[in-house]
Amino acid sequence: MGLAFPLEEYRARQAAARRALAEAGLDAILLFAQPSKYWLSGYDSFGFVLFECLLFGADGRLVLLTRPTDLPAARLTSCIEDVRLWRDGAADHPAELLAGLIRELGWQGARLGVEYDTWGLTGANAKALDAACGELCRLEDASRLIARLRLVKSPAELAYVRRAAALADAALEAAAALARPGARESEILAAAQGC
């Protein structure tokens, strides 16, 4: 698999995110939205349906807290070098492990943004996060910080969008050529997917 973009693309995104953190007066951000994790690091996973957090510091540090089953995806699809694991059935909630990481990174008393507004952070997990970390550091809603950065596309992203649009046009043309009364849906689908 590998990274979808050259490493320089992710470095540029991380630099933009560091500037946004500085402008917001944040020392770090806790990312729970899968699109944010993907945009910042290339990490592509379905692990967001459970507790999973990418910690990104204003100093550029990236640390992923995830389950062992998502470790291969982190290694294969991202530029994240520091991956920490939590295990199902462990005595501590993953939010407690996250609090330990915050201490380890020296972020006690720091202002940390949190992506609260995402399907990647359930209400119960948000409560656990607040309970575990709320007195350790100052948590602030920063749900839109990375999302706003993602709105402006880089030249590399625009090239992907143009290629995707060309493929979609070709698929539509192939499907339309076969669409007629009595046509088999499977044949139309196969033609569209063959582009």
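Trainee: Which residues are linked with Arg-13 in a network of salt bridges?

Mentor: Glu-9 and Glu-157 are linked with Arg-13 in that network. Bear in mind that this is a predicted model.

Trainee: How many salt bridges does a search of the whole structure find?

Mentor: The search finds nine.

Trainee: What makes the pair Asp-82 and Arg-84 a salt bridge?

Mentor: The N to O distance between their side chains is 2.6 Å. The cut-off is 4 Å between a side-chain nitrogen of Lys or Arg and a carboxyl oxygen of Asp or Glu, so the pair at 2.6 Å qualifies.

Trainee: Why is Asp-82 called partly exposed?

Mentor: Its relative accessible area is 26%. Buried means under 20% and exposed means over 50%, so Asp-82 at 26% falls in between. Arg-84 is also classed as partly exposed, because its relative accessibility is 24%.

Trainee: Which residue forms a salt bridge with Arg-84 at 2.7 Å?

Mentor: Glu-104 does, with 2.7 Å between the closest N and O atoms. This pair links distant parts of the chain, since Glu-104 is in helix H4 (residues 94-104) and Arg-84 is in strand S4 (residues 82-85), 20 residues apart.

Trainee: Why is Glu-104 called exposed?

Mentor: The relative accessible area of Glu-104 is 51%. Exposed means over 50%, so Glu-104 counts as exposed.

Trainee: How do you know that Arg-111 and Glu-140 form a salt bridge?

Mentor: Their closest N and O atoms are 2.6 Å apart, and the limit is 4 Å.

Trainee: What makes Leu-145 buried?

Mentor: Its relative accessible area is 6%. The threshold for buried is under 20%, so Leu-145 is buried.

Trainee: Where is Leu-145 found, and which residues does Leu-145 touch?

Mentor: Leu-145 is in helix H6 (residues 145-151). Leaving aside residues up to four places away in sequence, Leu-145 touches Ala-20, Leu-21, Ala-24, Leu-26 and Ile-29.

Technical notes:
Residues are numbered from 1 along each chain as its sequence is written. This is a predicted model: local features need pLDDT of at least 70, side-chain atom pairs count only at pLDDT 80 or more; totals for chains, interfaces and linings use all residues. Side-chain values use heavy atoms; hydrogens and water are left out. Helices (H or I, at least four residues) and strands (E, at least two) are DSSP runs, numbered from the N terminus. Buried means under 20% relative accessible area, exposed over 50%, partly exposed in between (1.4 Å probe, protein chains only). Contact means heavy atoms within 4.5 Å.
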